[in-house]
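Colleague: I am new to this structure. Could you take me through it in short questions and answers?

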Amino acid sequence: MFKPTLLAAALACALPLPAAAASDADLVNELAKVRAEFDQKLKELQATYEARLRQLEKTAPVAAASRGNDFNPEIGLVLQGSYAQRKPGERAITGFLAGSHNHAGSRGFKLDHSELTLAANIDPTLRGYANIALLDGAAEVEEAWFQTLGLGNGFSVKGGRFLSGIGYANEQHPHAWDFADNSLMYNALFGEHLAQDGVQVKWLAPTATFLEFGAELGRGGNFPGSDDGGNRNGAGAWSAFAHVGDDVGDAASWRAGLSYLSAKPKNRSSHVEDLGGVEAETLFSGKSNTWLADFVWKWAPDGNPKARNFKFQTEYFRRNEAGDINCVDNTVDGGACALGVNDSDAHHTRQSGWYAQGVYQFMPRWRAGLRYDRLDSGTVDFGLLPLPPADYRPSKWSLMADYSPSEFSRFRLQLARDRSMQGSPDDNQATLQYIHSLGAHGGHKF
Amino acid sequence: MLNRLVLIALLLAANTAQAALNVLACEPEWAALTRELAGDLARVSSATTARQNPHHIEARPSLIARARNADLLVCTGADLEIGWLPLLTRESGNARIQPGQAGYFEAAAHVRLLEKTGIADRAQGDVHPGGNPHLHADPRNLPVVAQALARRLAELDPANAAHYAARNQDFQLRMNAAIARWEKDAAPLRGVPVVVQHRSWSYLADWLGLKVVADLEPKPGIEPSVSSLASLLQGLKARPARMILRTPYQSPKPAEWLAERAGIDAVELPYTVGGSARATDLFGLFDDTLAKLKGGLK
């Protein structure tokens, strides 16, 4: 910046003084006049330059806006932890053979998964994404995939490990859940959710109404598939889904979906109590076919969800499994499996279940929600094996309230009455939870 | 019979050849600007309404379907739509509207942004380090964006380049004349101290010389709380303001609470096209904005 006074003084000194300066007073007057003149000229000059500068700035190219972190990928981390009060011991859903990926059961203070996400465009045609769940002594690759950006005509292809597009909640990571824990339905079906190692093709129809079709071919190494089932040439699991959705006026929008999953598990391991009450390991080989139907309805006054909004979500499934089951248990403890003549027999199940939940944000930052889970163990036939035939309908009520100081942080209290395990008295559960997101965090899907 | 069929087929073919560009604007102001420049040659829809906060909508199925069929997206950029636009383009399966393609237009890339802090610390709230995205609230930005958008339309639809150029020229003349009229009209607003709700009004204040003395939001994007409003009220005693400005998509409650206690007006400005009965296009938007601001002075 200019220093007008300094310059003026310098200039004044440089000016030749009139030789016949009459008096000091005249000199002072003259000096003041020169200084005023200089100040005026300087101001004019400054104004002209500033105007020119403004003009230039208007026409100068502006750096491109929206970008990631220069060439670094967008990096995000989700911190999650909870305090849970509940009955001790593991709780299995009665009548359902479950996978091992079941976190439920622990209580007290605990740190949940820390989810590290990395995402970036790979080149003009591809985008890459990874979600690593960090646990004690382990890092699980939840997702790691590439997706096409520019195939056009409504097509997109995803490859790698990704959350399957079947159902509605399946593509949500735990931090996006509206409740502190998973629904019984997803627990029973997949443990947490179904991740496919494979390829997904989606096509969006060129219609005014949202109409999307997708198909996936995968390894089928995860429940309801199994490691051995995935070890083959070809696909151990395939799935297909269709979604339709639209708006109703400005205020409401909905999406409905129908999905099918077929897996070929081999030696799939599950733990059940045998007729003697001793824990047995079963190994199942055969076919597992699941139908899922989902529906989501969202409402906000004028379609402006910031202050108030409501979300209703429900899903239903039906699963048939047929094949052979093998039963192994500990004879020393009096396990019944080893006593039988046959430790292997035909096995088939026909089971179903559903949940429905509503979450209402009644004022900025505050939400409350209610969820009801119900499963039907249906027909479970273990043949001649000494395993209990199931006749139970697990259910669960969950009530939650959460507070979000900003869209990057959330604290939640959940009370639940869990009747998913037969014979175990009602388990009243209370959970306090936090979910915080730092760094880059992309928007969630509808 | 065959002749008639051929004729119908030809007519249909001619129809598709002349088919309008399908334009999805992220906000109503860009839908209005596209209509000014393209007229009948574009089918224009807006992803948001004036009653929806453009930071906070979802990539709903209906929007994905519209993005799937769009030839051109006209959005603000500067991270305003960061929560939903990237999902929309990715889920659309539409190669034409991916970032970097001709069908992806961001207004913010063509004007000088205010509040370009470069500071990306969320302790400061929901900040936009690349600059304030509410740039359409200064109408002097509109001819600049129009210039770039007209070029883009011509690039996508070269057959009608002359049409877009002519309409752009007409728009430039009308808008510049209107700006001169508004600036004369708004002279009494210069230096008027105001309270804003969110930095939605930085460009308007910059244009009209309004003095923003306080923000209802304690930090950008953070909802005002009772305690933050109380301390604001205290601050207004030392530095009084003439009115409180808010958009139609923000809850009137905090502004009314403060207005009542500070004894000043809470003014709902249209913010964008469709934000009030008079704001039917970009010209009506500023006619009504100025009328309401001057009403707040009385």
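The questions below go from domains to the chain contact, then to helices and strands.

Modeller: This is a predicted model, in which local features need pLDDT of at least 70 and side-chain atom pairs count only at pLDDT 80 or more, while totals for chains, interfaces and linings use all residues. Residues are numbered from 1 along each chain as its sequence is written, and chains are lettered from A and ligands numbered from 1 in the order in which they are written.

Colleague: Into which domains is chain B divided?

Modeller: Domain bounds come from an automatic or database domain assignment. For chain B, this gives domain 1 (13-180) and domain 2 (188-297).

Colleague: Which helix gives the most to the side of domain 1 of chain B that touches domain 2 of chain B?

Modeller: The centres of these two domains, taken over C-alpha atoms, are separated by 25 Å. Contact (C-beta atoms, placed from the backbone, within 7 Å) involves 27 residues of domain 1 of chain B and 24 residues of domain 2 of chain B. Helices (H or I, at least four residues) and strands (E, at least two) are DSSP runs, numbered from the N terminus. With five residues, the top contributor on the domain 1 side is helix α2 (residues 28-38) of chain B.

Colleague: How many residues of chain A are in the contact with chain B?

Modeller: The contact takes 40 residues from chain B. From chain A, the number is 43 residues.

Colleague: Which helix gives the most to the side of chain B that touches chain A?

Modeller: Both α3 and α4 (85-92) of chain B supply at least two residues of that side. The residues of the side divide into 14 nonpolar (Ala, Val, Leu, Ile, Met, Phe, Trp, Tyr, Cys and Pro), 10 charged (Asp, Glu, Lys and Arg) and 16 polar (the others, Gly among them). The most, five residues, comes from α3(B).

Colleague: Is α3(B) buried or exposed?

Modeller: A residue is buried if 20 or more other C-beta atoms lie within 10 Å of its own, exposed if 12 or fewer, and partly exposed in between, with C-beta atoms placed from the backbone. Those that pass as buried in α3(B) include B:L63 and B:R66. Eight of the eight residues of the helix (residues 61-68) pass, so the rest of the structure largely encloses it, and the word is buried.

Colleague: At what angle do the axes of α2(B) and helix α6 (residues 161-185) of chain B cross?

Modeller: In this contact, B:E36, B:L37 and B:A38 of α2(B) meet B:Y164, B:R167, B:N168 and B:F171 of α6(B). Axes are lines fitted to C-alpha atoms, for helices over the stretch in contact, and angles run from 0 to 180 degrees between N-to-C directions. The two axes come within 7 Å, and the crossing angle is roughly 115 degrees.

Colleague: In β2(B), which residue is the bridge partner of B:L24?

Modeller: Strand β1 (residues 21-25) of chain B runs parallel to β2(B), joined by five bridges. The partner of B:L24 there is B:S45.

Colleague: What is the hand of the crossover from β5(B) to β6(B)?

Modeller: Strand β5 (residues 193-196) and strand β6 (residues 211-215) of chain B run parallel and share four bridges. The chain passes between them through helix α7 (residues 202-208) of chain B. A crossover is right-handed if, with the strands pointing away from the viewer, the path from the first strand over the helix to the second runs clockwise. This β-α-β crossover is right-handed.

How values were computed: Pairing = 2+ DSSP bridges. Contact = placed C-beta atoms within 7 Å.
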